[in-house]
Amino acid sequence: MSASPLEECAGCGDLRDEIELMRVVNNKGEVKVDPGSDLPGRGIYLCPQVKCLDLACEKNALKQELKVEITDELYESLVEEIKHG
Ligand SMILES: [Zn+2]
């Protein structure tokens, strides 16, 4: 039995355990990766893959859900989190 809730990746749309996904939140206007899933604010979930980040960007999911513009700087920082975080 798994206690972790299922969440949907904002990119590919797969349902996965929350712990397998990367949560990205808009915390008081600042977009942050939330490894502990404990930051308040609007959040989305992504598989930890650049592919899913790209899909989410194509769908405007980050912009719509987090109410932020996806700048090159923000995109690059999320790619870094996926690769190293
Ligand atoms: Zn995904």
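Which residues does Val31 touch, not counting residues up to four places away in sequence? Val31 touches Val24, Val25, Leu66, Val68 and Leu74, where contact means heavy atoms within 4.5 Å. Before going on, please note that this is a predicted model, in which local features need pLDDT of at least 70, side-chain atom pairs count only at pLDDT 80 or more, and totals for chains, interfaces and linings use all residues. Residues are numbered from 1 along each chain as its sequence is written, and side-chain values use heavy atoms, with hydrogens and water left out.

Val31 belongs to strand β4 (residues 30-33); strands are DSSP runs of E with at least two residues, helices runs of H or I with at least four, numbered from the N terminus. Val31 and Leu66 are 35 residues apart along the chain, with 8.1 Å between their C-alpha atoms.

Now to the helices. Helix α1 (residues 50-58) packs with helix α3 (residues 72-84) at about 150°, their axes 9 Å apart. Axes are lines fitted to C-alpha atoms over the stretch in contact, and angles run from 0 to 180 degrees between N-to-C directions. The pair is therefore roughly antiparallel, a term for angles over 145 degrees.

The contact residues are listed here.

| Helix | Contact residues |
|---|---|
| α1 | Val50, Leu53, Asp54 and Cys57 |
| α3 | Tyr75, Leu78, Val79, Ile82 and Lys83 |

By class, this contact has 7 nonpolar, no polar and 2 charged residues; Ala, Val, Leu, Ile, Met, Phe, Trp, Tyr, Cys and Pro count as nonpolar, Asp, Glu, Lys and Arg as charged, and the others, Gly among them, as polar.

Strand β3 (22-27) and α3 each supply at least two residues of the lining of the largest pocket, which has 7 nonpolar, 3 polar and 4 charged residues. A pocket here is an open set of points on a 1 Å grid where a 1.4 Å probe fits, with protein on both sides within 12 Å along at least five of seven lines, and lining residues have an atom within 4 Å of a point.

How values were computed:
Parallel < 35°, antiparallel > 145°, perpendicular 65-115°, else oblique.
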